[in-house]
Amino acid sequence: MPITYYIVLSIVLFCIGVVGVLTRRNAIIIFMSIELMLNAANLLLVAFSKMHNNSAIGTANAATAGIDGQLFVFFIMVVAAAEVCVGLSIIVMMYRNTHSVDVNFLNRLKN
Amino acid sequence: MNTIILSAIFGVVMMFTGIFIHNRSVYKTVSAVALLVLLVFNIAESHGSAIFNIDTANFLHFDPFGLLFNSICIFSTLIYVMLSGRDLEKAGNNTAEVHALIFFVLCGIGIVTSYTNLLMLFIGIEILSIPLYILTGSDKKNLKGNEAALKYFLMGSFSTGILLMGIAMLYGSGGTFMVERVAKEGMLSYLSALGMVLIFIALSFKVSAAPFHFWTPDVYDGAPAVITSFMATVVKVAGFAAFIRLIEGRLGSMGSQSDRLIGIVIILTLAFGNLTAVFQQSVKRMLAYSSIAQAGFMLFALFAVNDAAKEGLLLYAAAYSLATIGIFSVLAKMDDMTLEGFNGFSKSQPLIAALLAIFLLSLAGIPLTGGFFAKYYMLASVVKTGKYLGLVIVGVLFAAVSAYYYFKVIQAMYFKEGNIVLAPVTNRFKYLLVFVAFLIVLLGVFPNSLLSFLYF
């Protein structure tokens with residue numbers, strides 16, 4: 001499959017994520033949209049990693065070319081897990097105080 | 001390397017201190033001692049004797065600029081912990097953990113001031129940000145703090161998503177994550193141009209440059225004043241260190257297009273920050289907007305990217321951090337954070353009022369204070385490049401605007417009658433504040449006393 005398909009798919013996923021963050025009002029759904037953005041980046045990285053590997057076939061570094069892209073994906077997963085951990089606890093803390101996860105509640109600061 | 005490893009270790013040490021020692025006033029002392037050790041080892045490393053010599057496979061490169069930046073950040077944090085340690089105890093129940101998180105933030109700063117690889121940029125920024133989300137919400141019962149934490153978290157991880165997408169695109173076009181090697185490509189492909197713009201947007205979020213600044217006033221206003229003090233100073237200037245390393249490495253491939261982009265961002269940031277700060281009634285919120293305005297000045301360094309810009313950024317980081325930490329340390333002790341709260345300050349606390357005046361003058365950039373030379377170096381660096389001299393005029397105009405709202409606080413302190421409500425201050429606090437003011441004046445008279453560390 002040509003690389004363009006992967007690029008288009010991950011840009012579409014990314015845009016769905018961005019639109020979700022900007023339009024949704026539920027903190028959990030905003031959070032899911034952010035995860036979607038991260039996974040779009042993951043998909044793109046893996047696709048490019050394979051692409052660079054394919055283009056290096058026959059050269060001296062064919063075995064390792066493009067491997068750093070896949071390594072990056074692992075780091076993103078780990079960091080995303082850490083972020084989920086902190087983010088969900090912030091949302092729970094919020095829920096305990098307001099009994100709602102609606103971000104429309106978040107306009108007390110604007111005055 | 002010393003900073004990165006030692007600050008992570010000290011963070012863990014602070015957490016264990018929290019388990020074994022239950023006397024809250026000890027945490028501050030332990031933390032200050034650890035910071036001092038960290039500072040000594042960082043300075044030792046910049047003189048060429050690192051205790052950890054680890055092969056980082058060129059992922060990290062420790063140059064004098066990054067190490068001096070670390071020193072400034074650690075020193076500011078030390079001053080911050082010593083000035084505001086008492087107020088940190090009030091920000092939440094888990095004081096030891098707050099100190100631990102501050103060390104983890106410093107670990108992130110150590111990475112973002114020395115990365116040469118986009119992977120390290122990403123990890124550094126995350127290590128820097130994730131503890132901050134927790135710190136913002138450290139006062140769990142305070143609804144405003146909760147709100148600020150959630151907002152900061154959502155905006156922060158949103159910008160992380162954008163950053164990652166940008167990095168993925170740069171990787172697609174260049175096949176490597178190294179900052180410098182990517183730069184040597186001649187023509188820009190659409191993929192790398194898009195990637196660069198996305199990374200630029202993400203980092204603008206982090207340093208709160210307009211038009212991506214909208215979260216800043218709410219978050220800085222909602223978080224406890226002590227935490228805002230740390231976020232608005234040490235962390236923000238570290239964001240600029242990350243930014244300038246990236247722009248420096250990538251400049252060859254961006255060319256004149258990036259100049260225009262950064263120029264527009266500078267003007268927008270200066271305009272939004274200064275013009276909205278004028279209308280604020282709360283001093284805390286005014287300082288939040290002023291931090292956006294000061295970010296506008298620091299952006300000049302990204303526009304110029306030459307030696308003068310780097311010197312200016314270091315000077316700016318020191319002068320701005322020290323002055324803002326000083327102001328916030330007093331603000332955290334006040335009940336009424338509006339302008340009226342400052343009425344008659346000079347009558348009841350003449351010494352602190354005078355020191356606050358020095359800090360505010362430094363932020364406004366009046367000669368004989370560090371802020372003056374910081375702004376001067378920034379503008380001089382743009383003059384040296386010889387491009388877009390109109391930017392310098394815009395900068396000077398907005399510096400004049402900024403003087404208005406800083407002087408409003410001074411006016412309230414000296415020329416208005418009123419009673420202030422200030423928590424009791426110790427003599428040690430006063431001496432320390434005098435020391436900070438002395439440093440700011442020293443930077444304003446001999447800026448080379450700091451910059452000489454860059455070339456020895």
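Tutor: Let's begin at B:Pro211, which sits in the loop between helix 8 (190-207) and helix 9 (215-222) of chain B. Keep in mind that this is a predicted model. The peptide bond that links B:Ala210 to B:Pro211 is cis, with omega at about 0°. Is B:Ser208 buried or exposed? B:Ser208 has 27 C-beta neighbours inside 10 Å, so it counts as buried; the cut-off for that is 20 or more.

B:Val305 lies between helix 12 (283-304) and helix 13 (307-331) of chain B. Here too phi is positive in a residue other than glycine, with a value near 40°. B:Val305 counts as buried because 21 C-beta neighbours lie inside 10 Å.

Chain B has 19 helices and 0 strands. Its radius of gyration is 21 Å, close to the 23 Å that the globule rule gives for 456 residues, so chain B is as compact as a globular protein of that length. The C-alpha trace of chain B spans about 65 × 55 × 45 Å along its principal axes. Of its 456 residues, 61% count as buried. Among the contacts in chain B with a separation of 6 or more, 82% come from residues 24 or more positions apart.

For an example of packing within the chain, turn to helix 16 (residues 370-385) and helix 18 (residues 427-445) of chain B, whose axes are 6 Å apart at an angle of about 40°. That angle makes helix 16 of chain B oblique to helix 18 of chain B. On the helix 16 side the contact uses B:Gly370, B:Phe372 and B:Phe373, while helix 18 of chain B brings B:Ile440, B:Leu443 and B:Gly444. By type, these residues divide into 4 nonpolar, 2 polar and no charged.

Finally, look across to the partner. In the contact between the chains, 33 residues of chain A meet 31 residues of chain B. On the chain A side, helix 1 (3-23), helix 2 (27-55) and helix 3 (67-98) each give two or more residues, and helix 3 of chain A gives the most, with 15. The chain A side divides into 24 nonpolar, 5 polar and 4 charged residues.

One helix pair shows this meeting in detail. The axes of helix 2 of chain A and helix 6 (residues 143-174) of chain B come within 9 Å and cross at roughly 15°, and the two helices are therefore roughly parallel to each other. The crossing is left-handed. Residues in the contact include A:Ile30, A:Ile34, A:Met37 and A:Phe48 of helix 2 of chain A, along with B:Leu154, B:Phe158, B:Gly161 and B:Tyr171 of helix 6 of chain B. The residues of this contact divide into 17 nonpolar, 3 polar and no charged.

Methods: Residues are numbered from 1 along each chain as its sequence is written. Chains are lettered from A and ligands numbered from 1 in the order in which they are written. This is a predicted model: local features need pLDDT of at least 70, side-chain atom pairs count only at pLDDT 80 or more; totals for chains, interfaces and linings use all residues. Two residues are in contact if their C-beta atoms, placed from the backbone, lie within 7 Å. Helices (H or I, at least four residues) and strands (E, at least two) are DSSP runs, numbered from the N terminus. Ala, Val, Leu, Ile, Met, Phe, Trp, Tyr, Cys and Pro count as nonpolar, Asp, Glu, Lys and Arg as charged, and the others, Gly among them, as polar. Axes are lines fitted to C-alpha atoms, for helices over the stretch in contact, and angles run from 0 to 180 degrees between N-to-C directions. Angles under 35 degrees count as roughly parallel, over 145 as roughly antiparallel, 65 to 115 as roughly perpendicular and the rest as oblique. A residue is buried if 20 or more other C-beta atoms lie within 10 Å of its own, exposed if 12 or fewer, and partly exposed in between; C-beta atoms are placed from the backbone. The radius of gyration is taken over C-alpha atoms; the globule rule is 2.2 Å times the number of residues to the power 0.38. A crossing is left-handed if the near helix is turned anticlockwise from the far one by less than a right angle, and right-handed if clockwise.
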